[in-house]
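Let's take a walk through this structure together. Keep the sequence and the 3D view side by side as you read.

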Amino acid sequence: EIRVRRISATLFIAAAAGAIVVAKTNLHEIAAGVSGENIWTGDVKNPRDPARQAGGSSGGSAAAVASGCVPLAEGTDSGGSVRIPASHCGIVGMKPSFGRIPFEFMASQYDWMTSHGPLSRSVEDAALFVSICQGPDPRDLQAVLPRLDLGTLADRPGATRRLALSSDLGCYRVDPDVSANLRACADAFASAGYVIEEVDLGWTVEFATAWWSYWDVFMAANFGQHLEQFETEMHPTVVQ
């Protein structure tokens, strides 16, 4: 009974649609980092190279998909917790638009950062996840976007399909190999008929720093009550 009550609304919806939920995966301690380190359960290993990290925070979900244990997994993403492990493990990861998929199990219903998202080995499987798990849903007052019919988004004769591209989000240092891979992907989309538009987001280092301040308040508001009891047992970055 306790386990059922702790499963997210998204997994309830997926199970009702016929999904078989087989496990709860490992993750970065209280989903508060990007490396997959967890002193309570052990660090998440990358299935493609166990000497490397799987990323985080939803690293266990990415590792389970990349290793073939499951075809599809759920992650949560505030600042990259689906997208980062997807990139580390070489699979598909997506953070849907805010309000697309119900997110109800945090202490506050007024979190404008966090979304459930799919981790999968194909875009088709990711689309299946969104099609089934999207709102609206009474358990999340902010899941208000109208449902998408993803089956109609494939080929539309005569339609111009545009993609915005930022290689560094305005203020981040990017590894040359990552940048080259991004450009190759953009070229592939252009060859398929997409219009690629380079955009300047106008983000600065100060913008990124402000986000981290917001993140600190978010973590303190949701988990600060545990600090006094567990501080000596928690990862130093989580304590910080």
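Three strands form an open sheet in the order β3-β5-β4, with antiparallel pairing. At its edges stand β3 (72-77) and β4 (92-93), each with a single partner strand, so one side of each has no neighbour in the sheet. Strands and helices here are DSSP runs, numbered from the N terminus: E of at least two residues for strands, H or I of at least four for helices. Two strands pair if DSSP finds at least two bridges between them.

This is a predicted model, in which local features need pLDDT of at least 70 and side-chain atom pairs count only at pLDDT 80 or more, while totals for chains, interfaces and linings use all residues. Residues are numbered from 1 along each chain as its sequence is written, and side-chain values use heavy atoms, with hydrogens and water left out.

Now look at how the strands are joined. Six bridges link β3 and β5 in the antiparallel sense, and Thr 76 stands opposite His 116 in β5. On the other pairing, two bridges join β4 to β5, again antiparallel, with Gly 93 opposite Leu 119 in β5. Helix α5 (residues 123-133) lies across β3, β4 and β5 and runs at about 150° to β5. Such angles run from 0 to 180 degrees between N-to-C directions, using axes fitted to C-alpha atoms, for helices over the stretch in contact.

How many residues of β5 are buried? Six of the six are, so β5 is largely enclosed by the rest of the structure. Buried means under 20% relative accessible area, exposed means over 50%, and partly exposed lies in between (1.4 Å probe, protein chains only). Both faces of the strand are covered: Ser 115, Gly 117 and Leu 119 are buried on one side, and His 116, Pro 118 and Ser 120 on the other.

His 116 belongs to β5 (residues 115-120) and is buried, with a relative accessible area of 0%. Its side chain makes a polar contact of 3.2 Å with that of Glu 74 and another of 3.4 Å with that of Thr 10. A polar contact is a pair of N or O atoms within 3.5 Å; within protein, one must be able to donate a hydrogen and the other to accept it, and residues adjacent in sequence count only if both atoms are side-chain atoms. Leaving aside neighbours within four places in sequence, the contacts of His 116 (heavy atoms within 4.5 Å) include Ser 8, Pro 96 and Phe 103.

Next come the nonpolar cores, which are sets of buried Ala, Val, Leu, Ile, Met, Phe, Trp, Tyr and Cys residues joined through side-chain atoms within 4.5 Å. The largest has 14 residues, and among those touching the most other members are Val 65, Val 70 and Leu 119. Helices α3 (59-66) and α4 (83-89) are the elements that give two or more residues to this core, and α3 provides the largest share, five residues. Apart from it lies another core of seven residues, including Trp 215 and Phe 218.

Finally, consider the cysteines. Cys 133 is buried at 2% relative accessibility, whereas Cys 171 is partly exposed at 22%. The whole structure holds zero disulfides, a disulfide being a pair of cysteine sulfur atoms within 2.5 Å.
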